[in-house]
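Student: I'd like to go through this model with you before I set anything up. Could you show it first?

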Amino acid sequence: MTSRLGSVMRGLGVTVLVALAGFPIYWLFTTATHTTGELFGGHVHLLPDLGRFATSMRDAASGVPMLRWLTNSAVVAFGTTLLSLAMAILAAYALSRYRFRGKGVFGFALFATQMLPEALLVVPLYSIFLTFGLLDNLGGLVLSDTAFAMPVAVWILKSAMDGVPPEIEESARVDGCPRYAILPQIVLPLIAPSIAAAAVITFFDGWNEYLFANTFITDERKWPASKGLASFVGEFVTPLNHVMAAALIFTLPAIVFFLFVQRRIVSGLTAGSVKG
Amino acid sequence: MDIPAKAGTGVEAPKPRAHRGRRLAPYLFIAAAAVYLLLLTGAPLLDGVWLSFTDTQLLNPTGGVYTGTGNYSSLFSDSAFVHSLLITVIYSAATVIGALVVGTTAAVAINGAFRGRALARAILTFPWAVPTVAAALIFAWIYNKDSGVLNHALSGAGLGGRGWLVDPTWSLFAVTLASVWKVFPFVMLVVLAALQSVPDELYEAARVDGADALNRFRTVALPFLMPTLRVTALLMTIWSFRRFEVIWLLTQGGPVDSTNALVINVYREAFVNSDLGRSAAMGVVGLVLSTIVTVIFFYVDRGAARKEAL
C-alpha cells in the first residue's frame, strides 16, 4: 500500500469520525437557533440561523429558570470540588508515599465505588438524608456526589504524586522545611496541573449529576440544571429551541474545561486502575 | 508494573529517628477519606443489603420485616427480572464493544502528525464532556419520530423512518448508539496515550519488513495496547452495568421494557412500584454481577500478563 493511499484513507476516516462525533453538538447549536415552527414544519434546517442565536440565548435565560438552576449547579459543583480535593490530596499522599497495613483494602474500596450502582445506594441515602434533614438541600447533594467524585480524584492525584521523586522532599527537609509543610509547599505546586484536572473532573461530577438530584431535590427553586433540563425531556410546552439553548449554556463550560485537562484525567484514571 | 508504588521507599526506610508518629502518619492522611467512604457508601451499601432481605415499602420505610431470601427467590422466578438481566448484558456488551472499536479506531486514526489533528482530537473528545442530560435531550430530538433529523435523512434516502425510541424493535439499539457516542472518547484518549508509548523503531522495523498498516497495527501496536485495552474494557463494563441517566432520560426503560436494564429496574421498583426491599435485592444482584466481572478480569489479566511476559 502506498503511503499516499494510506493518508487519503486516514483523512477519510478522520473526517467521518469527526462528523459523527461532532454532529449532535452541531445539532444542539443549530436547533437552538430555529423557531418551533421551523423545527416541526416538516423541513430540516441543516444550517444554524446565526442571526437568531443571541435572541435564542436571551429567551432561554429568561423563559426558563435557567439562571437559578445554573447557580444551584455551580454551588453543588464547587462544594463537591472542595470537599473531594481536600480529602483526596491527603489520601493520595498516603497511597503514594507510605506502605501501611490496610493500603490494599483502602485502594480496593476506592475502586469499588466505581462498581456501586447509584440506583442501589439512592434509597439508603434517602433515608439517611431524611434523618439528618439533608433532603431538598444542596449540601446533601454535595455529600452524595463527593462519595463518587473523590475516589477518582484520589487516583488522578496519586498517579501525579508518584511522578514526584521522594529525593525532592528529602532535600527540602535537609534545607529545613518542616515536615508538615512538605505536602503543601513542595509536593502540591509540583502537581498543580493534575490538581487542576482533578478539580475539573470533580466539578463536573457535581455539575452533571442527575440521579441524586432528581431524587433528593423536590423544591423547584433548588433544582440544579441537570434536573431542570431533564424535566424538558418529552415535554413540549417549553419551546424546543429554548430548551436546546439552555442545554447549550449548560454544556459549554464542561466542553471548554475538559479540553484543557483531558490528558491528565485519562492518565490518572488508567494508572489508578492498573495499580489500584 | 508496580514501580511507582515503591517511590516512597526512600521515605519509609528505617531511620534512626523513626517513631510511632511516622507509622501513624498514613492513617491520619487517609482518615477523612476512609471515614467519608464508610459513612456515605459503606453504610448505605450495608443498609441496601439489609433492605434486600426485608419487605420494606417506600411509604413505610422503617416498617419492613425480615423475609429471608424471599425477595431473591421471587426475583429469579420473575421472567421480567430475568429479561432485564438479559437487557443489561446485551446493552453492556454492545456498548463496551462499540466503544472499544470506535475509540481504538479513532485513536489510531489521529495518532501521528497531520494537519488539523488538534481540532479533530478536540471534536472527538466533545461527546465525553457533554453532560449526559444535555446529550439525552439532543438524542431524543435527533431520534424524534416525526421531526427528527435521523428520520428525515432516512426518508430522504428512501429508507423510511422508524420510531427509534417508541418502537421496541429499535429502542435498545438507539439507546446503545447514544451511549457509544457518549463514552467512546474515553477509550480513544486512553488508547492514544498508550499508542504514544509504542517505540517508533518497532514501527520502522515492521515497515522495512514490508508489513502494511493493518499488519503493523496488529503485530506492533496491539501487543502494547492489550494491557490498556483490558483495563479500559473492565471500566467500560462496570460503568455500563450501572449507567442510568442515558437510558432513563431517553426511554425510562420502555417501550414495553425493551430497554429496562437492571439499574432502571432498581429505580422503578423503588420509586414507581414503591417496593424498596425488592428494589434493593435487584441492586445487590447487579453489584454481584459487577464483582464477578471484576474478579474474572483480574484473573484473566494476571494470566495474560504472565503470558505476555514470557
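Predicted model: local features only at pLDDT ≥ 70, side-chain atom pairs only at ≥ 80, totals over all residues.

Student: What does UniProt list for chain A as "transmembrane region"?

Tutor: The unreviewed UniProt entry gives that label to residues 12–29, 74–95, 107–129, 141–161, 182–204 and 242–261 of chain A. For residues 74–95 of chain A, the model has 100% helix and 0% strand, with the end C-alpha atoms 30 Å apart.

Student: And which residues does the "domain: ABC transmembrane type-1" annotation cover?

Tutor: According to the unreviewed UniProt entry, that annotation covers residues 70–261 of chain A; in the model this span is 78% helix and 0% strand, and its end C-alpha atoms lie 22 Å apart.

Student: How many helices and strands does chain A have?

Tutor: Chain A has 13 helices and zero strands, and its C-alpha trace spans about 75 × 70 × 35 Å along the principal axes. Of the 276 residues of chain A, 50% count as buried, and among its contacts between residues at least 6 apart in sequence, 80% join residues at least 24 apart.

Student: Switching topic, how many residues of chain B are in contact with chain A?

Tutor: There are 81 residues of chain B in contact with 78 residues of chain A. Helix α2 (residues 20–51) of chain B gives the most to the side of chain B that touches chain A, namely 17 residues, and by class that side has 60 nonpolar, 15 polar and six charged residues.

Student: Which residues have the most contacts inside the largest nonpolar core?

Tutor: That core has 169 residues, and those with the most contacts inside it are Ala88(A), Ala91(A), Ala153(A), Val154(A), Leu157(A) and Leu137(B). The largest share of the core, 16 residues, comes from helix α7 (residues 138–162) of chain A.

Student: What is Leu137(B) in contact with?

Tutor: Leaving aside its neighbours within four places in sequence, Leu137(B) is in contact with Leu229(A), Phe232(A), Val233(A), Val243(A) and Ala247(A).

Student: Last one: why should helix α5 of chain B span 18 Å?

Tutor: Helix α5 (residues 117–129) of chain B has 13 residues, and at 1.5 Å a residue it should therefore span 18 Å, which agrees with the 19 Å between its end C-alpha atoms. The expected span uses one less than the number of residues. Among the buried residues of α5(B) are Arg121(B), Phe126(B) and Trp128(B).

Conventions. Residues numbered from 1 in each chain as written. Chains lettered and ligands numbered in written order. Contact = placed C-beta atoms within 7 Å. Helix = DSSP H or I, 4+ residues; strand = E, 2+ residues; numbered from the N terminus. Nonpolar A, V, L, I, M, F, W, Y, C, P; charged D, E, K, R; others polar. UniProt positions renumbered as here; feature names shortened; annotations may be inferred. Buried ≥ 20, exposed ≤ 12 C-beta atoms within 10 Å, placed from the backbone. Core = buried A, V, L, I, M, F, W, Y, C linked by C-beta atoms within 7 Å.
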